[in-house]
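Hi,

Here is the structure I said I would send over. Have a look at it first, and my notes on what turned up follow below.

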Amino acid sequence: MLNNLTDTEEGDGGAQSQGDSNPKESSPFINSSDAATEKTQQYDRKNMALFEEEMDTSPMVSSLLSSLANYSNLPQGSKEHEEAENNEAESSRKKPVKAPQLGTLMGVYMPCIQNIFGVILFLRMTWLVGIGGVIGTFIIVFMCCTTTMLTAISMSAIATNGVVPAGGSYYMISRSLGPEFGGAVGICFYLGTTYAGAMYILGAIELLLIYIAPKAAIFPLEGLEGPEAEAALLNNMRVYGTILLTSMATVVFVGVKYVNKLALVFLACVILSILAVYAGVIKTAMDPPVFPVCVLGNRTLVWKSFDVCAKTIETANGTVTTQLWQMFCDSPFLNATCDKYFVANNVTEIQGIPGVTSGILADNLFGNYYEKGDLIARDKMESVEDQDEPLTNANRYVLADITSFFTLLVGIYFPSVTGIMAGSNRSGDLRDAQKSIPIGTIAAITTTSTVYMSSVVLFGACIEGVVLRDKFGEGVHGNLVIGTLAWPSPWVIVIGSFFSTCGAGLQSLTGAPRLMQAIAKDGIVPALRIFGHGKANGEPTWSLLLTACICESGILIASLDSVAPILSMFFLMCYMFVNLACALQTLLRTPNWRPRFKFYHWTLSFLGMSLCLTLMFLCSWYYAIVAMVIAGSIYKYIEFAGAEKEWGDGIRGLSLSAARYALMRLEEGPPHTKNWRPQLLVLVSTDAEQNVEQPRLLSLTNQLKAGKGLTIVGTALGGTFLDNYEQAQRAEQALRKLMETEKVKGFCQVTVSSNLRDATSHLLQASGLGGLKHNAVLVSWPRNWKQGDEHQHWRNFIELVRETTVANLALLVPKNIAAFPSNGERFTEGHIDVWWIVHDGGMLMLLPFLLRQHKVWRKCKMRIFTVAQMDDNSIQMKKDLTTFLYHLRIDAVVEVVEMHDSDISAYTYEKTLVMEQRSQMLKQINLTKNEREREIQSITDSSRGSIRRKNPAAVTTQLSVTEDPPAGSKEEKPEEESKSASSPVSPPAQVQLIHDNTTPASPATPATPLTPGEGAQSPGEQVQMTWTEKCDGEPAKPPGAATPEGIKDIFNMKPEWENLNQFNVRRMHTALRLNEVIVKKSSEAKLVLLNMPGPPRNRTGDENYMEFLEVLTEGLNRVLLVRGGGREVITIYS
């Protein structure tokens, strides 16, 4: 039934929630097709006969839990791969699906570390520190790391709010904000991931051509200056980048498993490289490495074509000029004509890495921003130069290759903190995603942020400023600048960073096509549907081709510094909407918003969203506008041309409180399960003065409204509208006043019709507007329903139950409403007990959660009881139910009560017998007096014949318990009180009290034995007196009690038992058995929630239905009977 909760999210055939226009999650709940195969077994037991007429819509809890035990959270690709294999070889035995086993360390922490540490750290971090200064760069790093940390907090809240199948951030955003936002941001995230692949490839080629194998350049750089040299370098990047991209795409196409196997190798390269840097920093404190930098005046020289940093050297043969002399002079002789600046300034050799204890940090605190082509000069060194003299021999000096400014640095740096989604993207592979994603992601961000911030300070404290500002290490013999700091050799960093960059590129080319495939399979963008297809095992071939083409466009840009801000835009937009989704869900406080990760707040999410927006415009305002235009265009395209989807998104939840536009949106279809909340229609009755008779019903309404939503308080009046208009106005004012007193926010409605039954039916049908309609009805249990003159009330009640069932409305029936707490009361302890007999949508789970949001019930603990039959594994049921509640994010104590099949007791037969006799008597109420007397006489004679033949004394005993109490004890008391008072009585006495069924029993009236004279009366006289008193006002005899001998004979009425309706016997047996265990377990509970069985489908036996419910709830103080509305109201999904 619930083989995989992830695959059907894409429309692969889960059960449809009622009213939804597209396939939803596989449902082990209502209307699940697989449940039909077990219908005959589920209710074929005497203990559950009370619910058997609803077996086609309400599965047994044990069946539901056994299906949940089969749950597996496979990622989409794995599931498709498995299905493809099964389709190819249907005759072969199905291979078992291996459960996800990755923990926090290998499943989240390490992938995040690998994705966050990347090319920027190795190729640009030292340059960023040199240009921006330690302080400026630290601010950039802190701002970016804070943004990702806040985003990770929001993401953790979303990821732990239910099961997140494979799909990562796209899944979370689309399911939280809707298909329009989800599609727009999902495509932006896809483009960001794709351009990240281009950036990693360009970084790998830069390492190869500049630091590893400069001779491999197809377009040689030797002898070229200025724009020509720059163009040659970019062309080399394009050629080699295309070659590397083709190779990587081929590897991904051949088999992604090779990429996954190499991931640990690439991760090891990253970690070793970072450890080498820290080791080098420690070594500089004791023995700084020798990396000299040659400075002419204050200008840094390119140390490539000379060996000694001096103009001349002294030898045995005299003064000899050096290679450096020849670079600036027209001949090697001392009388040669030389560059004026060369002649006027001295050549100085300075230490490129003076060490962490040198105090160089003070010189590197502040930034030095350059225009393109500016000389990289050392501060605090004398330089003699003519400002009017043009720059000559520019290719001999280290020059700035781009114009630098603060916002540019932000755009270049931000990609180095992306990658925080790596853990959530692997959610399908995790053993416990709700635990691993928050811990692993936040730990990874903390680790990487610490490394980044410490590296900013350490680079500034160890390396000379001109070396830091030398992007390509031209002043230190063409070495990678961060490599000069590494120990034991610069090659550790160069080789390690090359492999880690290649690995990151492969990961991007692996992840981006799957993201595009997920978007395409959702069907929200019709133009992209072709990219949902792939190989038989689910590999996204077409998406990989598209990804390679887009990645090639980034490689043709050829500049790492130009590509970085582009992908920064897309990632920042994605992170911004993750924060928006969390903030929106938190502020809306939908009942489904129950994240296991508790350390979030909407203010943090808004701060993260604001930082993302700020960084977007800081990086590049025009790129930010372009990214927003792209996202907006996709949004409008999906809105007008995309497939209609309903994922329970927050925007739809927000539209519930909007005006006409939102109402039109809500007309599109019922809300998703995640947005379901009780929209209550509260039915109250008024007295002759139009005052509400059950004010506590509105107190309960207030306590249930933690889920917000709609509230309509309605009452029905009999008569014509013209004659009763003023009465209706008074009733409406009374309702408004009481709603204001009880702080119930909503609407009131008064309906007038010819009779109360029709008026109530009109309320049920006509309340609400458009999509803003009620989905649940709250009505109190009819008081004193056993009294003969109250028969129309309980008949109206049963018709209301039938109408709510037909209308697919949930029904809440509080019994003994006067005992429910007011809004001012507080329970300091106690339990809310849920007796989950059948699953009818999850109302029994949701209602206690909503009640516990209110201060009245906040201190109460929740307990869930479910019933195990003879062939159920109660231990496994408890384990499965605990797992189910864990996925629902509901904290409750679980207990499985075993109810083994037992023989139907004589007590059950007796109660059923008296119930049927009473039922027949009630049918005679509308007959004339003579007809009534004759009918009752015949009923009595036929039903007592066998007993009279056995023991005449038994007749007296039986009939005595049907008489009314004296008039003095006929005060109106809730039947709940009488039942609770009678519950401790021994079984024979219980028979006597329960059989007194024409008025509520009075526990204050003692049972007295009959005198011989009273026992000599004929049966007809006794019964006639009872009904004459009831209908004609004549006094009745005092009630008598049964003698032990008489009781014994009652329990021997075998001939009468055999004539009973066996269906009623079994239902009575169920009610008695359930009541017995409920009273045993929950007699001290503050509130008991219980499945409410449905009324009989034919109208014969309606009064028996009321008796069954009475027996079921006997001895309980506060009971809330619950019927579901035929759809799911709670889900384990995010």
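**Aromatic rings**

Tyr341 and Tyr397 are both buried. Keep in mind throughout that this is a predicted model. Those two tyrosines belong to one aromatic cluster, together with Trp325, Phe328 and Phe342. Tyr341 also has a charged neighbour: the charged end of Arg299 sits over its ring, 3.6 Å from the centre. If you want another case of that kind, go to Trp127, where the charged end of Lys471 sits over the ring at 4.3 Å from its centre.

Across the whole structure, the search gives 22 aromatic pairs. One of them is Tyr195 with Phe570, a stacked pair with 6.4 Å between the centres and 15° between the planes. Tyr195 sits in helix α8 (residues 179-212) and Phe570 in helix α20 (residues 560-588), so this pair ties together parts that are 375 residues apart in sequence. Tyr195 and Phe570 are both buried. Tyr341 and Tyr397 make a pair as well, this one edge-to-face, at 6.5 Å centre to centre and with 85° between the planes. Tyr341 is in helix α12 (residues 340-344), while Tyr397 is in the loop between β5 (347-351) and α13 (406-413); the two are 56 residues apart, and the pair links distant parts of the chain.

**Salt bridges**

There are 15 salt bridges in the structure. Here are a few to click on.

- Glu732 and Arg736: the closest N and O atoms are 2.9 Å apart. Why can these two reach each other? They are four residues apart in helix α26 (residues 725-741), so about one helical turn separates them. Glu732 is partly exposed, with a relative accessible area of 21%, and Arg736 is partly exposed too, at 47%.
- Glu895 and Lys1081: their side chains meet at 2.6 Å, N to O. Glu895 lies in strand β13 (residues 893-898) and Lys1081 in helix α40 (residues 1062-1082), so the bridge ties together parts that are 186 residues apart in sequence. Glu895 is partly exposed at 29% relative accessible area, and Lys1081 is partly exposed at 31%.
- Asp287 and Lys283: a side-chain salt bridge at 3.6 Å, N to O. Asp287 counts as partly exposed, at 45% relative accessibility, and Lys283 is partly exposed with a relative accessible area of 26%.

There is also a network of salt bridges that links Arg124, Glu206, Asp401, Lys471 and Asp561.

**Sheets**

Let me start with the three-stranded sheet. It is open and antiparallel, with the strands in the order β2-β1-β5. Its edge strands, β2 (299-300) and β5, each pair on one side only. Strand β1 (residues 292-296) pairs with β2 in the antiparallel sense over two bridges. Which residue in β2 is the bridge partner of Leu296? That is Arg299, whose charged end sits over the ring of Tyr341.

The other sheet I looked at has ten strands. It is open, its pairing is mixed, and the order runs β8-β7-β6-β9-β10-β17-β16-β11-β12-β13. At the edges are β8 (747-753) and β13, each pairing on one side only. From one strand to the next, the twist averages 20°. Within this sheet, β11 (residues 831-836) and β12 (residues 861-868) run parallel and are joined by six bridges. Val834 stands opposite Ile864 in β12.

Two helices to look at here are α25 and α40. Helix α25 (residues 696-704) packs on the sheet and touches β6 (680-684), β7 (711-718), β9 (776-779), β10 (810-815) and β17 (1119-1123). Its direction makes about 170° with that of β6. Helix α40 packs on the sheet too, touching β11, β12, β13 and β16 (1087-1091), and its direction makes about 160° with that of β11. So there are two kinds of link between α40 and β13: the packing contact, and the salt bridge from Lys1081 to Glu895.

Cheers

Note on methods. Residues numbered from 1 in each chain as written. Predicted model: local features only at pLDDT ≥ 70, side-chain atom pairs only at ≥ 80, totals over all residues. Heavy atoms only, no water. Salt bridge = Lys/Arg side-chain N within 4 Å of Asp/Glu carboxyl O. Buried < 20%, exposed > 50% of the residue type's maximum accessible area, 1.4 Å probe, protein only. Phe/Tyr/Trp six-rings, centres within 6.5 Å; stacked < 30°, edge-to-face > 60°. Lys NZ or Arg CZ within 6 Å of the ring centre and 35° of its normal. Pairing = 2+ DSSP bridges. Axes fitted to C-alpha atoms, helices over the stretch in contact; angles between N-to-C directions. Contact = heavy atoms within 4.5 Å.
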